[in-house]
Amino acid sequence: MTAIEQLTSRQDLYSLTLMSWLKVFDSAELLLKPSCAWCPYCYQAWREQGQVIYIPLLWLIEYVKFCPQHQISLENTCPSCNQKMLNFCQPGYCSHCGEWLGQTKYPLKLTTYFRSMGCLSTYQRNISYLQELIAITPYLSKQPQIKDVYSYLHERCVHLDEQGLKDLSFSFWMSSHLIAKPQSSDTAYKPRISLHFLSEVFRCFNITPRQLFL
């Protein structure tokens, strides 16, 4: 990263990754896909509107399976040559045959899996919060720590009785992470959390990622 910053004369490239959140999330959720993924309708819209064609970080995250805007599964195989994309390729074009990857013909694979599981709205909410976490990364004054989340939850839950804790829709995760009665030492081990858990925190307490981390 340092070498690239020197070559580009930019000192903010760190914020273009999820490295800032490694001490908050379970690292498995921050993994990048083994091959590039894209939304063909985003590409086509950007091209027709004369906008910059790029690969959003959101598309590259393993957890993200569909385009939040167009509600279709992200593609990872070129429709012309059936090859999977390289992660470092020219945005909008196949890294093998060079064909344009944008499309206007609906539909592709709709998010039937999430609809059939009855969890599409939850997944969409998680992705929405992930988008905001990515958006605020350049404005962080320090690297987020898991203790920030625990401290916030302790402040919100310390005055709740047992019934109050049960009324929280994510009380199971609250108990499993020992947040209701955290250890007093700041240096005590605090397990990293999942994106879904943090999403439940934002939803139940009606706050945004900006309010918690900025």
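A residue counts as buried when its relative accessible area is under 20%, as exposed when that area is over 50%, and as partly exposed in between (1.4 Å probe, protein chains only). By that rule, 42% of the 214 residues of this protein are buried.

The structure is a predicted model, in which local features need pLDDT of at least 70 and side-chain atom pairs count only at pLDDT 80 or more, while totals for chains, interfaces and linings use all residues. Residues are numbered from 1 along each chain as its sequence is written, and side-chain values use heavy atoms, with hydrogens and water left out.

Let's start with the overall fold. The protein has 10 helices and zero strands, where helices (H or I, at least four residues) and strands (E, at least two) are DSSP runs numbered from the N terminus. Along the sequence, this reads α-α-α-α-α-α-α-α-α-α.

A contact means heavy atoms within 4.5 Å. Of the contacts between residues at least 6 apart in sequence, 69% join residues at least 24 apart. The accessible surface comes to about 12,400 Å², and 54% of it belongs to carbon and sulfur atoms; such areas come from the Shrake-Rupley method with a 1.4 Å probe, and for residues only the protein chains shown count as cover.

Asn82 is not a glycine, yet its phi is positive. Asn206, also a residue other than glycine, has a positive phi too.
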